Amino acid sequence: MKIAYYPGCSLHSTAREYAASFEAVCDKLGIELVEPDDWICCGTTPAHSTDHLLSIALPVENLRLAEKMGFDRIVVPCASCFQRLKTAAFEINQARKLFDDVNKALDEPYKNTVKILHPIELFLEPEIQKSLKELSKPGDLAEKPVACYYGCLLVRPPKIMQFDAYEYPVKMDEVLGSVGIPTLDWRCKTSCCGAAFSLTETDVVIELTQKIFEEARKVGARAIAVACPLCHANLDTRQEEVERKFAANYGIPILYFTQLMGLALGIEASRLDLDRHLTNTRPLLAPAC
Amino acid sequence: MKLKPVEASLSSDFAEAIKKASGENIYICFQCKKCTVGCPLMFAMDMTPTQIIHAIRQGVDIARIMDGVKIIAQQRGIKPPVISVPAFYNAALTNVKIFGRMYELGLIADLKRRTGEFTKDMGMGIKMFSKGKLKIIPHYSARARRIFNRVKQLERNKP
């Protein structure tokens, strides 16, 4: 299978682990990922907070690039990019005038033929589910339950995302379940981590993530699985600050769900970038006690 | 955070401006306040969605309204109480316009220049850098700049 792949800026920098592990898992499954030539930033929060037309035109340009290369599907791992691309596609379908304006802003008009997918949706397709179940050898990981953290953008707003049950999503749990990793019921699946306030209003992030760590510990999570570079940054890089502020000791590894999949599929740890995190991920790899 | 009472009542001009900026009709709200009570960031707000909108969820898209209000505030040159947030937006968009993709090191340097908070997160930045999470050499593409310029042109020509 060949599919267009929009990594977005984070997967080339702060979320390199997400790109490395997603690409390794796709490689194992025989899925060929093709980045559109010269893709650009989707504009993310700064664009939609300041300029509506720009916030739609930037994502559509990337869809157009994939379309031009002959693709009818594009897979988007970053939850923020995924939400911006889906929002743009939704809005140009709702308003002809907006679509016309967007096309005037692009190098060439977009014909509106590309479907946007998240890797979770791709991995739940029947053929791929079959391969995942065949290839899975979770070993010790089968004894280590993880908490799936979806955050905000993957599932909301539901009228646009149409991704999963938006108050209590389960699809990431299903994907990890299909490779033999047990997941937990918990109440913070869609809590907010503070997202783009990470660099500016850090106290907000500390306050919000502490609740998430507390709940994950309560249910006995050995790791938190994420699908968003911003969620990862806030939970991983700020965890030590939270521990200091609340005199707590969480030490909860924060992994992209694709890193966990990679481990359960027997991909070498070195290809999954497990040592790029600030919160140590090794406790998860130690033998189950 | 202490909430400010909203002094002026909602003028129809303002409601119209929100409609224009966000596409949302705030008149259909019946003020149940669910948007505000349910928001995990309420503790950090100087004004809650209810205070701004007096509007609620009959299919009203709160997030888009909040974007619309931010856009209006920027157009009218209203000084924000927390300058770091719009500074971040401006730094990030300038960055994308120049490079085509987000160049994190450039963004961080520009944000520090705009806010004057030079030492904030220095330790974390060094750790991330040593983990290879911050790219040294930026990607370069003029594609985004062309779109930024055309969008500006289109918006200037709007009635």
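**Close-up views of chains A and B**

**View 1. Where chain B meets chain A.** In this predicted model, 40 residues of chain B are in contact with 37 residues of chain A. On the chain B side, the elements that put in two or more residues are α4 (62-75), α5 (84-99), α6 (104-115), α7 (122-130) and α8 (143-157) of chain B. Which of them gives the largest share of the side that touches chain A? That would be α8(B), with 9 residues. Sort the chain B residues on this side by class and you get 22 nonpolar, 5 polar and 13 charged.

**View 2. Chain B by itself, built from helices.** Chain B has 8 helices and 0 strands, so its elements read α-α-α-α-α-α-α-α from the N terminus on. Of its 159 residues, 26% count as buried. Take the contacts in chain B with a separation of 6 or more: 61% of them are between residues 24 or more positions apart.

**View 3. Two helices of chain A packed together.** Here we're looking at helix α1 (residues 16-29) and helix α13 (residues 257-264), both of chain A. Their axes are 8 Å apart and the packing angle is about 40°, which makes α1(A) and α13(A) oblique to each other. The crossing of this pair is left-handed. From α1(A), the contact uses A:Glu17, A:Tyr18, A:Ser21, A:Phe22, A:Ala24 and A:Val25; from α13(A), look for A:Thr258, A:Gln259, A:Met261 and A:Gly262. By class, that comes to 5 nonpolar, 4 polar and 1 charged residues.

**View 4. Inside the largest nonpolar core.** This core has 122 residues. Those with the most contacts inside it are A:Ile74, A:Leu176, A:Ile224, A:Ala225 and A:Val226. What does A:Ile224 touch, leaving out residues up to four places away in sequence? Its partners are A:Val146, A:Ala147, A:Tyr149, A:Ala216, A:Leu235, A:Ile252 and A:Ile254. Another core, of 7 residues, lies apart from the largest one and includes B:Ile18, B:Ile26, B:Cys35 and B:Val69.

**View 5. A:Asp140, out on a loop.** You'll find A:Asp140 in the loop between α7 (126-135) and β5 (146-148) of chain A. Is A:Asp140 buried or exposed? It has 12 other C-beta atoms within 10 Å, and because 12 or fewer is the cut-off for exposed, A:Asp140 counts as exposed.

Technical notes
Residues are numbered from 1 along each chain as its sequence is written. Chains are lettered from A and ligands numbered from 1 in the order in which they are written. This is a predicted model: local features need pLDDT of at least 70, side-chain atom pairs count only at pLDDT 80 or more; totals for chains, interfaces and linings use all residues. Helices (H or I, at least four residues) and strands (E, at least two) are DSSP runs, numbered from the N terminus. A residue is buried if 20 or more other C-beta atoms lie within 10 Å of its own, exposed if 12 or fewer, and partly exposed in between; C-beta atoms are placed from the backbone. Two residues are in contact if their C-beta atoms, placed from the backbone, lie within 7 Å. Axes are lines fitted to C-alpha atoms, for helices over the stretch in contact, and angles run from 0 to 180 degrees between N-to-C directions. Angles under 35 degrees count as roughly parallel, over 145 as roughly antiparallel, 65 to 115 as roughly perpendicular and the rest as oblique. A crossing is left-handed if the near helix is turned anticlockwise from the far one by less than a right angle, and right-handed if clockwise. Ala, Val, Leu, Ile, Met, Phe, Trp, Tyr, Cys and Pro count as nonpolar, Asp, Glu, Lys and Arg as charged, and the others, Gly among them, as polar. A nonpolar core is a set of buried Ala, Val, Leu, Ile, Met, Phe, Trp, Tyr and Cys residues joined through C-beta atoms within 7 Å.
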